[in-house]
Every structure is written in C-alpha cells, then in structure tokens.
Amino acid sequence: MYRLILRRFLLAIPTLFVVSFLSFGIMKAAPGDPVRMYVAGGMSKGSVEDIERIRHNLGLDRPIYVQYIAWLRNTLRGDLGYSLATRRPVAQIIAEKLPASISLMGISFLLSMTIGIGIGVLSAAKQYSLFDYVVTVLAFLGNSLPAFWIALMLIWLFSVRLGWLPTGHMSSYETTDSPILDYAKHYVLPVTTLSLVSLVSWVRYQRASMLESLQQDYVRTARAKGLAERVVLIRHAWRNSLVPIVTLIGFSVANLVGGSYIIETIFSWPGMGQLGFDALLKRDYPVMMGVTLLSAIFIIFGNLLADLTYILVNPQIRES
Amino acid sequence: MSAKRGYWVIILLVVSSLVGLLVAGCRPTTAPPTEVPVAQDTRGTLLMRGSKSSFPQNFNPLLYDVRLWLYDGLVRFDQDLKPIPDLAESWEISDDGLVYTIKLRRGVKFHDGVEMTADDVIYTAQLTLDEKVNSPYRSKFIIGGEPVKWEKVDDYTVRAILPQPSSSFLAKLSRADEIFFTILPKHILEKCADMETCDFNQHPVGTGPFKLVEYVPDQRVVLEAHDDYFQGRPGLKRVVRLAYPNEQAALAALKSGELDVAALREAGNVNAAEADPNLTVYRYDSNWIMAARFNMANPILQDIKVRQAISHAIDRLSLCKAAIGPTTNIGDSPISIGWAASPNVVRYEYDPEKAKALLEEAGWKVGSDGIREKDGQRLSLTITFDPDYGKPDLATGMQQFLKAVGIELKLQQMEPATAEETIYVKKEFDIYLDWQGFGVDPDIASRWSTSTAEQGTYLSNPSNYANPEVDAAFRAAEIARTVEERQKYLWQAQDLITRDAAAVWLYLWQAQMAVSKNVGGLSLPPSIADMDNTAIFREPWKVTSTRP
C-alpha cells in the first residue's frame with residue numbers, strides 16, 4: 001500500500017514537468033507580445049527602439065527553449081521570477097491571492113460535497129418520489145447551465161434587483177456592518193456559484209452509487225435481519241456506496257480550480273483565478289506560469305487525495 | 001475494522017477541507033484601514049473609483065503608468081494645451097532651437113523632506129536614457145538618432161542640448177498620455193542596484209501633492225496630503241482610490257454617498273447619475289479618436305473613390321451616438337481639439353447617394369445579390385478589431401451602412417493581443433478599427449509617415465499610407481521654431497490626410513465624470529480628457545471635500 005502511495009507521489013513530478021513544458025510552449029505560441037502591449041508603455045508610447053531594447057533586457061528575445069530552461073532552473077531554485085506587468089515577485093503576488101482562493105474553494109468544496117452527498121442519498125432512498133424527480137431534473141439543468149450564466153443571474157437577482165448582496169470583491173472599504181458580516185455577505189454569491197458547479201456531480205454520482213448499493217445482497221440481508229431502515233441506509237448501503245464516489249474528490253478539485261478562473265473574474269474576487277485570467281489576457285508569462293503550476297499542484301494533490309482515500313476505503317487495493 | 005473504514009473517509013474529507021479553510025483564515029488578505037488621527041486637520045477625504053491604471057502595484061513612473069498625484073513634471077499644460085511651468089520656473093530656448101535652459105523652482109520638497117535640485121532632474125534624464133532601464137520613454141529623448149545631452153548649470157538651472165531642433169521637446173518634459181517625465185529623487189534611486197526590483201517601486205517618493213501611505217493590490221490605494229507641496233498645502237487630507245468590480249457597483253456607491261468620484265461610460269448609468277441631485281456629471285472630449293483606417297495596399301481601397309464612397313456612406317454621428325452614447329461627439333481628422341486642430345480639413349458628410357455615384361464612377365456595378373462587382377470581383381472588405389471601446393457595435397453599424405450602398409463588410413473580431421499582432425505586425429487587414437490621436441502633444445507623425453510604415457507598434461502606420469507631401473509637412477512641423485509655424489504644417493498634414501480619405505473618423509473619447517456635491521475646487525471648465533479622465537483634477541492640490 002505504501003509503495004502504491006509513494007508511486008503516486010513520484011508520478012506527480014513528471015506530470016508537473018509535462019504541464020509546465022506544455023503550458024510554456026502553448027503560451028509562447030499564442031499571438032500577442034507583452035512588451036509591445038504594455039511593458040513598453042502600451043498604446044502610443046514605446047517606439048521600436050524601446051520595445052526591442054526592453055525585450056532584450058528582459059531576455060524575451062531568446063529562443064523559447066532557452067527561456068524555458070531558464071524559467072525551469074529558477075523555479076527549481078524556488079524563484080518564480082517577476083511579473084512583467086507589475087515587476088513584483090510572482091511568489092509574492094500569488095501569496096497575496098492564495099488565501100482568497102483557498103477559502104472560496106474550501107468552503108465551496110465542503111458545501112458542495114456535504115449537501116451533494118446528502119441530496120444524493122435522500123434522492124436514491126426515495127427513488128421515484130417527487131423529491132427524486134425534482135432532484136434529477138435540477139441536476140440535469142445544473143449540469144447544462146454554464147457557471148458564468150448562473151453567476152450573472154445571481155448578481156442580477158440578489159445585487160441589482162434586490163440589492164441584498166454585493167456584486168463582487170471580498171470586503172467593503174466603508175461599511176456599517178461588522179467585518180465578519182461584511183465578509184460573509186461577499187462570500188455568499190461566489191460560494192453559491194462555485195458550489196453549484198460541483199454539487200451537481202456529487203448529487204448524480206452519489207445517487208447512482210447509492211442506488212447500486214441498495215440492490216446488493218447485503219442490503220437485503222440487513223433488511224431481512226430486521227434492522228431499522230435508517231441503519232440499513234446509512235451503515236450498510238451508504239458506506240459502501242462511498243467507495244466509487246471518493247474518486248470524485250479529484251474531479252471536484254479540478255472543477256473548483258477551473259471554475260474559480262471564471263467565478264473569480266466575474267465577482268472581482270481577489271484570488272488566483274482572477275490573477276491567472278488577467279495574466280492570460282496580458283500575456284504576463286511569469287505570472288501565468290506560476291498560477292498554472294500552482295493550479296496543477298492543486299489538481300494533482302486532489303487526485304492524490306482521491307487515490308489515497310480510495311485505497312483507504314477499498315480493502316482490495318489496501319491489502320495488495 | 002469495517003466500522004472504522006467509513007469514518008476514515010469522512011475524517012479525511014473533512015480534515016482536508018478544513019486545512020484549506022484554516023490556511024485561508026489565518027492569513028487575512030486585507031488589514032483593517034488604518035486611521036491616522038490628525039490634530040485640528042479639518043480637511044476632507046476624497047473617495048475615488050480607481051481605474052485599472054490607478055492600481056499600478058508598481059509606483060515607479062519609469063516603468064509603469066503611475067496615474068496618481070505622486071509626481072510632477074517640469075512642464076504642465078494649460079487649457080489650450082500649451083506648456084506652462086510646473087517644477088520648472090521658466091525656460092529659454094536658443095535662437096537655433098537647440099539649447100533649452102531651464103530654471104527650476106526653489107524650495108520644492110520631495111515627500112521625505114529632501115529638496116529637489118538640478119541633480120535630481122539630471123539624474124532622472126540619465127535614468128530615462130539608460131539602456132539598461134526598461135523605460136518606454138527613452139526614444140522620446142533620442143532626436144535624429146542622437147540622445148539629448150543634459151547639463152547642470154547650477155543647483156537650480158539645467159540645460160538640455162538637442163542634436164536638432166524639435167518642436168515637441170518641451171511637451172516631453174511633462175506627464176501626459178504619451179510620456180511620464182516626472183522628477184525622481186536621486187538620493188533614493190542611486191542606491192538601487194536594479195531598477196526592476198527596487199524597493200522604491202513599492203514605496204514611491206515624489207514631489208507631488210499627495211504621498212502614498214497604503215495600498216492593497218486591486219482593492220485600494222490610500223494617499224495622504226504632502227503638506228510641503230510647492231503649490232501650497234493640498235486642500236484634501238486624504239485621497240482613497242477604491243476598486244469597484246463594475247460601473248453599476250460604483251454608481252450604487254455614488255448614490256448612497258460611499259463614493260465621491262467615478263468615471264462612467266454606460267449611458268444608462270450616466271443618466272442615473274445626472275438624475276441624482278447629489279451628483280454632477282462633467283463631460284469633456286479628448287483628442288483620442290476612434291477611426292477605421294484603410295489598408296492602402298489593398299487593390300480595392302487604393303482607389304480614392306472607394307474610400308470616399310465609404311466615408312460618405314456612413315452616418316458617423318448617428319452611428320457613434322447609438323454605439324457609444326448620446327452625448328458622444330465625432331471628429332474629422334487626427335487632431336480634433338486645441339491649437340493644432342485644422343479648421344480646413346475635408347469633412348465627409350453622410351450622403352449615400354453620393355457614395356453610390358462614386359462607386360459607379362469607380363466601375364463597381366450592383367450585382368445580383370445587391371453587392372457591387374467589377375470584373376467578376378465582389379466589393380467585399382473585412383474590418384478587423386478587438387472587443388473594446390464599442391468597436392463591435394461600431395463595426396456592425398458600419399456593416400449596415402455599407403450594405404445599403406452595395407459594399408459587403410465582413411467583421412473580424414479578435415481578442416486584443418491577437419488583434420494587436422494582426423494589425424500592427426502582420427498588417428493583415430482591409431480596414432482596422434482602433435484609436436488614433438494623442439493625449440496632449442500633437443506629435444502624430446509616426447502614424448502617418450511613410451518611413452515608419454515598417455514598425456509594428458501602436459505608433460506606427462500599419463495601413464501603408466504614403467504621401468510625400470504629408471511626410472514633408474510633418475518633418476517641417478517637427479523642426480518648427482514657433483508654435484505658429486508648427487501649427488501651419490500640422491494643419492497642412494491634416495488637410496492632406498483628410499483629402500486622401502485615409503480613414504473614417506469616428507468618435508472622440510469622452511470622459512464622463514460623476515462627482516458628488518462633497519467635492520469642491522475642481523478645475524473648471526475641464527481641459528480635454530486623457531485616457532484616465534482626470535482632467536477636472538488638473539490642479540489636484542486645489543480639490544476639497546466635505547467628507548471627514
């Protein structure tokens with residue numbers, strides 16, 4: 001078992017390497033030149049002489065593979081470089097944005113998982129009931145509606161129409177609310193949107209998995225023994241239904257990281273997603289690489305977590 | 001064993017999520033705003049919505065557009081866009097136009113209390129000219145291939161020696177849209193090994209009316225009065241630039257009194273602000289003009305009749321009012337406002353019949369699908385643009401107007417970086433839609449001269465426009481000794497460019513600033529807008545606010 005875990009862990013290293021190589025290549029292949037766009041002052045400013053000189057000073061005139069090797073060498077030494085747009089250390093910029101993202105993703109992860117599992121179990125336990133139909137239809141809808149649309153509708157309803165919640169940001173500069181209430185108000189809409197993105201998967205997987213385990217012989221046996229229905233559902237059916245759905249953790253983390261790019265941009269959330277999106281538009285290569293790398297680490301970590309959990313809950317793997 | 005298994009899963013899930021939450025919780029991103037008690041200071045606070053460029057994250061004006069009130073240039077501009085003294089007290093220009101002797105104000109203090117002298121001016125000039133410093137303004141001080149030479153005469157006098165006369169030189173000693181030549185403190189910057197990573201970039205020191213006291217990236221920038229400012233003690237105690245996610249949010253804050261100043265663009269929001277008795281909307285045009293420029297290398301567009309026909313076919317004013325806003329104004333040439341705007345340019349009025357006649361003359365006959373044809377070729381063109389500043393709406397409107405006279409216009413919308421490369425580097429377009437014009441000094445030759453056609457920057461002339469007479473006029477304007485002489489040649493250039501129908505001139509960038517009744521001391525009437533819309537704050541030290 002430990003060898004398996006170790007192998008998973010070691011596999012993450014070449015994966016990160018490939019991710020960094022591919023994203024660097026794709027990024028450089030995309031049209032657009034940060035020096036011309038803004039490093040040299042942008043519109044109406046830098047002349048050719050300025051642009052070429054600055055490009056040379058920043059080393060952006062070197063062949064792509066040389067730039068990649070230089071980037072890789074610095075990154076391995078723990079130096080993510082400087083943002084082209086702001087000339088601040090990438091590590092510092094990311095460190096400033098990380099808490100906002102992690103709290104948003106953490107709360108959303110927790111909420112979507114617990115609520116999703118809850119609804120999934122109930123829906124399966126009451127298969128073909130009205131509740132089940134409603135859940136199935138909503139899950140289908142939720143799967144088809146894009147997150148950005150949900151976000152915009154929520155803003156329209158709760159911020160523009162009703163004026164209950166702020167349209168974005170993490171906190172207000174001047175407010176009569178207590179700081180905690182102010183933060184809470186700002187969290188509601190982004191958390192709701194981001195949770196919905198993965199909630200639907202949790203519901204659907206949990207429902208399917210639960211239905212499958214309800215058909216198993218041990219459930220029939222448990223019922224035949226005269227155990228209370230609650231005990232049958234929770235202890236026998238639900239616990240066994242968890243084995244396949246723990247793999248969803250990895251999927252869900254990937255979903256959250258990907259979703260945060262869109263959600264944070266819409267809600268002006270001062271997090272990594274917005275940072276990455278801005279960097280993408282600006283072709284701010286060092287920041288993009290930093291954010292990509294960290295996103296990749298998150299996703300790999302999520303998958304690793306899923307694998308570990310899977311090993312822990314599945315005796316077949318654990319004992320081999 | 002089997003009972004434990006289930007708990008393991010739950011514990012692991014919960015712990016992993018909680019760890020994330022704790023990490024986040026332990027490190028709050030925002031510190032509570034620091035209240036600095038000032039004894040008997042009754043001056044007010046100004047809360048402004050910060051635009052992207054007022055959240056610079058890097059406050060070094062050599063590297064970044066710092067559109068805050070931290071720095072001053074040697075020169076500023078009056079209402080008519082003529083240079084007036086700022087940190088300079090006066091200047092003399094030698095008869096041959098080569099030597100500028102500049103007297104500096106005495107007693108100007110940096111934010112740290114050190115006096116600004118000729119050494120700081122010379123040092124700033126040296127940094128700007130330093131090849132290792134990534135300043136985009138270096139080439140502004142290379143004239144005719146040679147750098148401007150700077151000399152210190154005494155502590156309060158400097159001399160700039162130009163390799164050849166340059167009528168735009170004085171304007172380059174300012175901070176405007178195109179240039180930031182603001183005086184930096186030698187005693188701090190000379191300690192920096194690398195300008196890119198210097199501590200100064202986060203802790204700026206200038207001579208301006210306000211100094212930086214706090215900034216939270218992408219959220220707020222807090223400035224405090226620099227009481228030793230050379231124009232006098234600023235009328236405000238504090239200026240806070242706040243980020244708002246969008247215009248609606250800023251408008252809501254303005255209406256509820258949480259914000260004093262915000263630039264507005266959307267017509268609905270402007271109307272809402274005007275309807276509010278506590279808000280005033282100030283409006284002023286700029287010399288930035290949106291234009292659709294023709295690629296002169298395109299065989300169809302080489303025919304001046306086709307270009308004239310397109311110019312006449314579009315109801316530019318209605319189009320821009322519909323696409324941009326009801327108060328929008330249009331221009332007719334690359335220079336619209338100020339002393340350099342020519343009154344004699346050729347104006348293309350909306351006249352679809354004339355457009356049709358011109359196309360007939362050029363040999364383009366209406367084909368079976370309503371689109372004109374000549375020698376089996378359809379009159380079909382593509383317009384290239386990015387999605388900003390209402391360009392998609394403008395292009396769609398142009399498409400309708402042109403269809404009515406039998407021209408097919410295809411739209412090619414690209415994401416900004418791709419559009420920029422397609423237009424300015426690859427020059428793959430029939431017509432492109434982008435800003436022309438300038439902020440303050442009408443130094444626009446590079447956008448229209450033949451010799452700059454190969455450059456590939458925003459300043460260049462990607463449309464292959466080449467007219468030797470225009471080249472000559474711009475050259476004469478550049479070496480002109482007096483404003484009158486410069487004006488004459490700039491007018492000539494505009495007249496020629498518009499006679500050539502080289503572009504369809506669309507709307508002027510218009511600033512619309514909503515300002516609350518709290519605010520006083522604005523510079524009215526506002527001078528023309530820069531892209532940051534702050535012209536009503538031309539004299540920021542005079543601004544006051546009743547907000548405590």
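Here are some notes on a surface patch in chain A and on the aromatic rings in chain B.

1. Some ground rules first. This is a predicted model, where local features need pLDDT of at least 70 and side-chain atom pairs count only at pLDDT 80 or more, while totals for chains, interfaces and linings use all residues. Residues are numbered from 1 along each chain as its sequence is written, chains are lettered from A and ligands numbered from 1 in the order in which they are written, and side-chain values use heavy atoms, leaving out hydrogens and water.

2. Start with chain A. A nonpolar patch lies on its surface, with about 1,000 Å² of accessible area together; among its members are A:L130, A:L141, A:W149 and A:I262. Patch residues have over 30% relative accessible area and no salt bridge, and nonpolar side chains (Val, Leu, Ile, Met, Phe, Trp, Tyr) are joined within 5 Å. Areas come from the Shrake-Rupley method with a 1.4 Å probe. A salt bridge would be a side-chain nitrogen of Lys or Arg within 4 Å of a carboxyl oxygen of Asp or Glu.

3. Where does the patch come from? Helix 6 (130-144) and helix 7 (147-161) of chain A each give at least two residues, and helix 6 has the largest share, with five. Helices are DSSP runs (H or I, at least four residues) and strands likewise (E, at least two), numbered from the N terminus. A:F148, in helix 7 of chain A, counts as partly exposed because its relative accessibility is 41%; buried means under 20%, exposed over 50% and partly exposed in between.

4. Now the rings. The whole structure has 26 aromatic pairs over all chains. In B:Y100 and B:F169 the centres are 4.8 Å apart and the planes at 65°, so this pair is edge-to-face. Rings of Phe, Tyr and Trp (its six-membered ring) pair with centres within 6.5 Å; planes under 30 degrees apart are stacked, over 60 edge-to-face, the rest tilted.

5. Another pair is tilted: B:Y229 and B:W541, because their centres are 5.6 Å apart and their planes at 50°. They sit 312 residues apart, both in loops of chain B. B:Y229 is buried at 3% relative accessibility, and B:W541 is buried at 9%.

6. Last, charges over rings (NZ of Lys or CZ of Arg within 6 Å of the ring centre and within 35 degrees of the ring normal). B:R241 has its charged end over the ring of B:W69, 5.6 Å from the centre. For B:R293 over B:W448, that distance is 3.6 Å.

Definitions and conventions. Patch = residues over 30% accessible without salt bridge, like charges linked within 9 Å, V, L, I, M, F, W, Y side chains within 5 Å. Buried < 20%, exposed > 50% of the residue type's maximum accessible area, 1.4 Å probe, protein only.
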